[in-house]
Each structure stands twice: as C-alpha cells, then as structure tokens.
Amino acid sequence: MTTEGEAFSNTVVSADQLPSLDTLVYESLSPRYRTLNLAIAAAIFITLLVVVNFIRFQPFATLPEGLLFAWPFVTAGLLALWGLLSVYHWLADPMLQFSLREQDLSVHKGLIFRSITCQPVLRIQHIELKRGPLERLAGLSTLQVFSAGGAGHTFEIPGLPVSQAQKIRQFILDHKDVGAR
C-alpha cells in the first residue's frame, strides 16, 4: 500500500543479487539432544528384547516350534534395527541446526533429504516452549514456531537448552513488529 507522494515500485530483483542461505551461520543443538535420542532408542529396544526373551523362556506354556525357530531371527532383527536407528541419530542429530537473524528464523535439517525452512519473524503468530518429562530430565526444550495463517506449527527446534530457548522466544516476541515499521 502506498501513501500520497510515494510512487509504487516493483523493481526486478536478479537471483544473483539475493543472499544465499548456504552462507548462514547455523547454531548446533545441545549435545544432550543426541544422547537423549540414543538413550530413548536403547530403552525401547532393550524393553523389546526383554519382552521377546521373556516370551521365549517363560515357563507357563510351551511355544509352537515355529516361534522357537523364529526367536533368533527376531532377536537379530531387533538388534539390527537398534543399530541402524543409533547410527541414524548419531549422524542426523548434529545436522539439525538453526539460525536466528533480526528478520527471520531458519532451520536446517536432514541427513539424506536436506531442507532449510525460513520463517520471517514478522509472520510468526506465536511461539511455544514444549518440555516432556525426558526433556526436563535432560534440561532441554523444544521451540515450536507457529506461522500466521497456519493450522499447526510451521517447524520446531528440539534439543535446545531451556535458557537458550527462552532467550530465542523472548527475542522473537520483542522483534515481531520490526519489519512492520
């Protein structure tokens, strides 16, 4: 919208003149985030292994021969899946990074399929801190960013130390109207 005395402008912008998102300086998440994910994966798979072995060695009923034959394969499959998930978290968790600038918040993520999501601070409707019981135990939180006009959250940044997440949230709340002036 223009006011009286201002001329309408719609100048062509060359793609060569645009800043590159590849040059952004990203901040990493807390190393405790990776540790938490690895611990959760270990707890889940150890529980599954205990259940499978309890069923196999329980004294209450005899198992059919087919189940007895499948037991080593189920155990090996669970161990292989646990190994793959652990390797994935070991490699992928450090790839989740964020960058906060005066006008926008960017999130870079992905090990195989990489993506960069950029949200202008001006378009952020609200921002929430989420902390589940395991995150509280690790001293971490998840920052959820909600865009204006969106039904759900636009993106989230997990694995932030609580004090850092609170500072980012407060910065965004203080600067929501910077671009509107």
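Predicted model: local features only at pLDDT ≥ 70, side-chain atom pairs only at ≥ 80, totals over all residues.

Residues are numbered from 1 along each chain as its sequence is written, and side-chain values use heavy atoms, with hydrogens and water left out.

Next, display the C-alpha trace alone. Along its principal axes the trace spans about 90 × 35 × 30 Å. The radius of gyration is 24 Å, whereas a compact globule of 181 residues would have one near 16 Å; the value is taken over C-alpha atoms, and the globule rule is 2.2 Å times the number of residues to the power 0.38.

Switch to a cartoon. The protein has 4 helices and 7 strands, and from the N terminus on the elements run β-α-α-β-β-β-β-α-β-β-α. Helices (H or I, at least four residues) and strands (E, at least two) are DSSP runs, numbered from the N terminus.

Select residues 31-57, helix α1. This helix has 27 residues and reaches 39 Å from its first C-alpha to its last, close to the 39 Å expected at 1.5 Å a residue; the expected span is 1.5 Å times one less than the number of residues. Show the side chains of its buried residues: Tyr33, Leu36, Asn37, Ala41, Ala42, Phe45, Leu49 and Val52. An α-helix has 3.6 residues a turn, so residues three or four places apart point the same way. The cover over the buried residues of α1 includes α2 (65-92), α3 (133-138), β6 and β7, with contact meaning heavy atoms within 4.5 Å.

Now select the open sheet of 3 strands, ordered β5-β6-β7 with antiparallel pairing. Its edge strands are β5 (124-130) and β7 (153-161), each of which pairs on one side only. Two strands pair if DSSP finds at least two bridges between them. Zoom in on β5 and β6 (residues 140-147), which pair in the antiparallel sense over 6 bridges; here Ile124 stands opposite Ser147 in β6.

What does helix α4 lie across? This helix lies across β5, β6 and β7, running at about 140° to β7. Axes are lines fitted to C-alpha atoms, for helices over the stretch in contact, and angles run from 0 to 180 degrees between N-to-C directions.

How values were computed: Buried < 20%, exposed > 50% of the residue type's maximum accessible area, 1.4 Å probe, protein only.
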